[in-house]
Amino acid sequence: MGKQQVPDQLRETLQSLKLDSMADNLDALCAQAAKEAWSYATFLAQLLAEEVATRDHRRLAVTTKMARFPFHKTLEQFDFAFQPSVEKRRIQELSSLRFVSGGSNVLFLGPPGVGKTPLAIGLGLKALQAGLSTYFVSVPDLMDWVSQDAQRGQLTKRMQQLCKPRVLILDEMGYLPLERPMATFLFQLIAKRYEKGAIIVSSNKSFSEWGELFTDQVLATALLDRLLHHSTIINIRGQSYRLKEKRQSGVFQPPPALEATAGEPS
Ligand code: ADP
Ligand code: MG
């Protein structure tokens, strides 16, 4: 057997085992191993590490796509200086993801444009990196899905889908009043995930307004009871990041009401 034949044969074997990254890196690592006089074990470890890294990378790309984030913004990209009511220390504590193992919840509350969605997505990205399945849906989208599913008799399937991920992000709770089937669905979803699956919620409404949102005070109270039992609440009081540049250039002068309260979708 010639000197080159062994790697050739090995490459084919690796390919037939679908170890493509090992096959691709074989030549380079063989050369490096010879040059640096690696032990057999070191060589094998290096070759396997390439395969594992490639697979992790691929898995993360797939799970990130499946999470359905509307955009990708990491916590490292968040401008904490602009939003001083968001304590960096608390977000760092959340990014340890301890809340996920206990099935605790995180609530981001505040007016439009203050960064609720990017904070939720940033935590979601951290969860995915840690190998925790994550799913993002806005409440208005979910409302459409639920009414369609109800007509097709597929609500159970939808409930199962939303109970599965370790982290569920419910964005934009509160911009639209919830019709009865949606209010009931959300109550059941939160009850089913209680102490099992973490939920991250963003809302422009204070809890006292949830009764009106759900058009049922009793249902809203029971839902909040479960949602808040194990939870971290981040109240964001600040200015809209979107309007920052416009305001700086003097183009936009927000009326005081827009700064203080939330009303329109962001
Ligand atoms: P909310 O969800 O609270 O309504 P948005 O996510 O819609 O806020 O914020 C509007 C835009 O501004 C988004 O593109 C978001 O990424 C960005 N943004 C908001 N706050 C910050 C911040 N503190 N640092 C960086 N980007 C921010
Ligand atoms: Mg938002």
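The questions and answers below go through the helices, packing and loops of a predicted model.

In this predicted model, local features need pLDDT of at least 70 and side-chain atom pairs count only at pLDDT 80 or more, while totals for chains, interfaces and linings use all residues. Residues are numbered from 1 along each chain as its sequence is written, chains are lettered from A and ligands numbered from 1 in the order in which they are written, and side-chain values use heavy atoms, with hydrogens and water left out.

Q: How many helices and strands does the secondary structure of the chain come to?
A: Helices (H or I, at least four residues) and strands (E, at least two) are DSSP runs, numbered from the N terminus. On that basis the chain has 13 helices and five strands.

Q: What percentage of the 266 residues of the chain count as buried?
A: A residue is buried under 20% relative accessible area, exposed over 50% and partly exposed in between, with a 1.4 Å probe and protein chains only. Of the 266 residues, the share that counts as buried is 43%.

Q: What share of the contacts in the chain with a separation of 6 or more comes from residues 24 or more positions apart?
A: Contact means heavy atoms within 4.5 Å. Among contacts with a separation of 6 or more, residues 24 or more positions apart account for 78%.

Q: Are helix 7 and helix 9 roughly parallel or roughly perpendicular to each other?
A: Axes are lines fitted to C-alpha atoms, for helices over the stretch in contact, and angles run from 0 to 180 degrees between N-to-C directions. Angles under 35 degrees count as roughly parallel, over 145 as roughly antiparallel, 65 to 115 as roughly perpendicular and the rest as oblique. The axes of helix 7 (residues 139-152) and helix 9 (residues 180-193) come within 10 Å and cross at roughly 110°. The two helices are therefore roughly perpendicular.

Q: Which residues of helix 7 and helix 9 make the contact, and how many are nonpolar?
A: Helix 7 contributes V139, L142, M143 and V146, and helix 9 contributes P181, M182, F185 and L186. Ala, Val, Leu, Ile, Met, Phe, Trp, Tyr, Cys and Pro count as nonpolar, Asp, Glu, Lys and Arg as charged, and the others, Gly among them, as polar. The contact has no polar and no charged residues, and its nonpolar residues number eight.

Q: Which elements do the buried residues of helix 7 pack against?
A: The buried residues in helix 7 are V139, P140, L142, M143, W145, V146 and D149. They pack against strand 2 (134-138), helix 8 (155-163), strand 3 (167-173) and helix 9.

Q: Are helix 9 and helix 11 roughly parallel or roughly perpendicular to each other?
A: Helix 9 and helix 11 (residues 217-229) pack with their axes 9 Å apart, at an angle of about 25°. Because of this angle, the two helices are roughly parallel.

Q: How many residues of the contact of helix 9 with helix 11 are charged?
A: On the side of helix 9 the contact is made by A183, T184, L186, F187, I190 and A191, and on the side of helix 11 by L219, A222, L223, R226 and L227. Nine of these residues are nonpolar and one is polar, and the number that are charged is one.

Q: How many of the 14 residues of helix 6 are buried?
A: Helix 6 covers residues 116-129. It is largely enclosed by the rest of the structure, because the number of its 14 residues that are buried is 13.

Q: Is P70 buried or exposed?
A: P70 is found in the loop between helix 3 and helix 4. Not counting residues up to four places away in sequence, P70 touches I121 and F136. With a relative accessible area of 52%, P70 is exposed.

Q: Is F78 buried or exposed?
A: F78 is found in the loop between helix 3 (40-67) and helix 4 (88-94). Leaving out residues up to four places away in sequence, F78 touches Q83, V86, V114, G115, P118 and L119. Its relative accessibility is 14%, so F78 counts as buried.

Q: What is the phi of L97?
A: Most residues other than glycine have a negative phi. L97 lies in the loop between helix 4 and helix 5 (98-101). Although L97 is not a glycine, its phi is positive, at about 65°.

Key: The expected span of a helix is 1.5 Å times one less than its number of residues.
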